[in-house]
Amino acid sequence: MSASNENESNNFLETIIEEDLAAGRHDGRVLTRFPPEPNGYLHIGHATSICLNFGLGLKYDGKTNLRFDDTNPSTEETEYVESILSDVEWLGFKPANVFYASDYFPELYGFARDLIKKGCAYVDDSSAEEIATMKGTPTQVGVNSPFRDRSIEENLELFEKMKNGDFKEGTHVLRAKIDMASPNMIMRDPLLYRIKFAHHHRTGDTWCIYPMYDMAHGQSDSIEKITHSICTLEFVPHRELYDWMIDKLEIYPSKQYEFARRNLSYTVVSKRKLLRLVQEGHVKGWDDPRMPTISAMRRRGYTALAIREWAKRVGIAKRENLVDLGLLEFCVREDLNRLSVRVMAVLQPLKVTLTNFQEDKTEWLETENNPEDPEAGVRSLPFTKTLWIEQDDFMETPPPKYFRLSPGGLARLKSAYIIQCDEVVKDDSGQVVELKCTYFENSKSGEDTSGLKPKSTIHWVSAERAVQAEIRLYDRLFTVENPGTDDRDLLELINPESLTVISNAQVEPALAETNPGDQYQFMRLGYFATDPDSTPDHLVFNRTVTLKDTWKKVAGRN
């Protein structure tokens, strides 16, 4: 067992594990599992579960299995399996084993036969509607099925026929025989197997009956000898059935424990709602950087370390809570600040002509790649007669305390020279289109002897050497803090400014060699990542996160 950090208090799951280890339970082993259903892309909620399960395995010198709960062939695809494997690896975890519930279909079928032989399961010919009616309500006990008292022999024969494909879908199911008056609705003779004529992504057409979640979950845990089966709170009512099945089958006694979901503000993780956004074209696929999927966050430029750090900071609890998205963004900023190369990009270009700089001359200026990492080195920037600066960095009639460029005013160009605005050029509509400026040759950064004291430093790129790029500015997908509980239609809650595309941004020439996934800090603008759509002829960058949390200021004005 790894020693706990004396400065960190244990969460309740760690306390349980340490008590089990101290008592010698499970032969002193810790084996957890992450069991996703391969019917969609993993989201930030799954990421917290991955970090929790694998983190517990690592902390206590144990192991964690990745098991695909592939018991519903109608919704599962190999595409989802591959994306889940990729997401787990990207987050920095290596499963001890990769299993599939479908690996256990023969054993699960044998377990079902064992339950029948023990008088603990029966085949029911009732329709789904009839079964639902007979189940009763939380305040009204259920009614026994007319097929509940079939003989063991008849049940075995009918179950065999179900397996052989002799019945149509929906005509027969296998049910556990427990208690139709149980206060726990889950225990009112739950369904264990149903008929489904669908091609399975691994077993093909071998099977036409498939186990329900409660038939596959605990028994798969037991087959793998999972010691701590960790679920979210909605599975609390299922724990009684989990234990009942293990007891009746007399198999390895895995134990289920539950923790609360950590819901993220301004986010929905309902698979149904996310699927609607994709299918109706409100986002551009599951990896659209506005989506809460792990693949979308990776595309946006989030780092695995930031997500793991966020999961660690929010911790786990027994009560559901809403976690501020700002905390996740803080973790992303903190990591990107450490590792990102600082570059210059101008999103809304305004032309600057240095009237006293030599025509056709290019001066190469040195600038540091990352002040947080001295080993990141330096690179050279081309400085020319014509430059681009941000439109926002000039005001013709500046208000008090405006220190950037204005007529007659001074500003320092980052890693370059001090300039002074001498003349403003406008087009026929009165729009400012060019600034004619003087540069001070003796004001070079690091060698300044000019004595001038500008109060601002602005970024810039060479107009002659810059590369045009498309910039995608992403923001929060929803305008309300908890869209998952809002009664309004989901589409009414979408932030119309969740994506702004700038097609004519100008970036420094070093970015022409960028590759998808490369991460940068665009000075004074935010953190950005190269999108997979990017090509040498058409650069595309995604804004990962702003330099500061500006959302609260915006929300506060509404």
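This note covers the sheet, the helices lying across it and the nonpolar cores of a predicted model.

1. Sheet order. The strands β4, β5, β6 and β7 form an open sheet of 4 strands, arranged in the order β4-β5-β6-β7 with antiparallel pairing. Because β4 and β7 stand at the edges and each has a single partner strand, one side of each is left without a neighbour in the sheet. From one strand to the next, the twist averages 20 degrees.

2. Pairing of β6 and β7. These two strands pair in the antiparallel sense over 3 bridges. R194 has Y210, in β7, as its bridge partner.

3. Helices across the sheet. Two helices may be described together. α4 lies across β4, β5, β6 and β7 and runs at about 120 degrees to β6. α6 also lies across β4, β5, β6 and β7, running at about 60 degrees to β4.

4. Largest nonpolar core. This core has 35 residues, of which L115, F159, L174, L192, Y193, I209 and W244 touch the most other members. At least two residues each come from α4 (105–117), β4 (121–124), α6 (152–164), β5 (173–176), β6 (191–195), β7 (209–211), α7 (213–224) and α8 (236–249). The most is given by α4, with 7 residues.

5. Surroundings of L115. Which residues is L115 in contact with, leaving aside its neighbours within four places in sequence? They are C120, A121, L192, W244, M245, K248 and L249.

6. In soluble globular proteins, nonpolar side chains tend to be buried together.

Technical notes
Residues numbered from 1 in each chain as written. Predicted model: local features only at pLDDT ≥ 70, side-chain atom pairs only at ≥ 80, totals over all residues. Heavy atoms only, no water. Core = buried A, V, L, I, M, F, W, Y, C linked by side-chain atoms within 4.5 Å. Buried < 20%, exposed > 50% of the residue type's maximum accessible area, 1.4 Å probe, protein only. Contact = heavy atoms within 4.5 Å. Pairing = 2+ DSSP bridges. Axes fitted to C-alpha atoms, helices over the stretch in contact; angles between N-to-C directions.
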